[in-house]
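Dear colleague,

I am handing over the structure below for your records. My notes on it follow directly after.

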Amino acid sequence: MSSFKNLRIVDNFYQTSLFYPMPTMLIATLSPSGATSLGAYSLCFPYYIAGKGYYAMLLECRNSSNTAQNILRTGVCAINFLEDDKKLFKETVRLGFPGERCEEKMDDCFLEMEDGQAGAADAEKKARPRVLKDAFQVLECSWDDTLEDAFEDRSRVGQLEGVEPPYRNFNGITSKFGAHFILRIDAILMKERQYGAIVNGVRAGDFPRIPVDYGYRDSKSFWYTKFRRPLGVSVPAKPGMDLSAVRYAAERIDPEVLFTDEACEALRKIPRVFLKTALAGIAEQAKAMGLPRVDGKVVVDAAVLAVVNDKRNAEKKRG
Ligand SMILES: Cc1cc2nc3c(=O)[nH]c(=O)nc-3n(C[C@H](O)[C@H](O)[C@H](O)COP(=O)(O)O)c2cc1C
């Protein structure tokens, strides 16, 4: 016999039929007057995380919301993350109350804003929403309306009582009341403290105090839990791969590159599934360094590996 009850799946199942932990974000968009407007969102997740040529988030929202309407019209937004603070969370819940126009809700908003940074690198110099001064991190984004030809949905702005078919599968207007947006990440802005933690190595005390929200459980309350200091759980100490297995793979990755035993030894701790990709990346970077060749080959030893690693860390710092 099952130890579970089988629950009916209904609309908004993630909050009506599950206990689903979510982050809270205030998404800034440009209102028709050009002012920055804020809406509260949780259903916003990483979408393209590697191998696509660009990085993207996915936002799920009501297509009549100010946020959806503004993204359809202007194509830009900024996703702001705030730390756990009762006053800030109350304001977030207020900014999550449906039905107010941008000007109405923003009139009473006490959150301070500043200019973002994505605009500077933007060839078109399009207007962008401002970002929240109190946020610990912000993703400045632009909607990829080329996927699924979603740009055609720009002509559907203003249909606030429900949009008639056709609907898209995953980008643009996706149902009578729903919309999904694939948002290209143009810039990640991070406050000094968290920036330091990411670049120099994170300790428990460096984590931003992020609340976890559980959405509307009933018509009375919005539920969330306060931040608790995170705990680090050690990665299981798996025995490294056999040196001979690493050497075998290293010898076959690129005929112009020779990995020394010392380098192979250092690479034993890489999980087997990632080894080929890691070797190929290192070989490519080593060749690009313009090192003197030995018998026509670029030699990757521990020193070269250290430079490759440093470069990777420097990439994170760039910006
Ligand atoms: C913490 C929080 C998270 C929310 N998350 C979402 C969400 O992910 N998607 C959505 O459609 N509505 C969500 N809502 C409801 C919207 O905030 C609400 O529709 C609001 O009217 C949006 O503001 P806007 O019209 O200015 O965009 C959330 C509300 C709160 C308080």
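Strand 3 (residues 44-48) and strand 4 (56-62) run antiparallel and are joined by four bridges. Strands here, like helices, are DSSP runs numbered from the N terminus (E over at least two residues for strands, H or I over at least four for helices), and two strands pair if DSSP finds at least two bridges between them. Within this pairing, F45 has L58 of strand 4 as its bridge partner.

Please note that this is a predicted model, in which local features need pLDDT of at least 70 and side-chain atom pairs count only at pLDDT 80 or more, whereas totals for chains, interfaces and linings use all residues. Residues are numbered from 1 along each chain as its sequence is written.

Strand 4 also pairs with strand 10 (residues 178-190), in the antiparallel sense and over seven bridges; here M57 stands opposite L183. Strand 10 pairs in the antiparallel sense with strand 8 as well, over seven bridges, and R184 in strand 10 is the bridge partner of S142. Strand 8 is in turn joined to strand 5 (residues 76-81) by six bridges, again antiparallel, with F81 opposite Q137. Six of the seven residues of strand 8 (residues 137-143) are buried, so this strand is largely enclosed by the rest of the structure. A residue counts as buried if 20 or more other C-beta atoms, placed from the backbone, lie within 10 Å of its own, as exposed if 12 or fewer do, and as partly exposed in between.

The ligand is surrounded by 19 residues, the closest being G39, L43, N66, T67 and G96.

The loop between strand 8 and strand 9 (172-173) deserves a separate paragraph. P166 lies in this loop, and the peptide bond from P165 to P166 is cis, with omega near 10°. E148 is found in the loop too; its phi is near 60°, a positive value in a residue other than glycine. E148 is partly exposed, with 17 other C-beta atoms within 10 Å. D149, also in this loop, has a positive phi of about 50° and is exposed, with 11 other C-beta atoms within 10 Å.

Yours sincerely

Technical notes: A residue is near a molecule or strand if its C-beta atom, placed from the backbone, lies within 6 Å of it.
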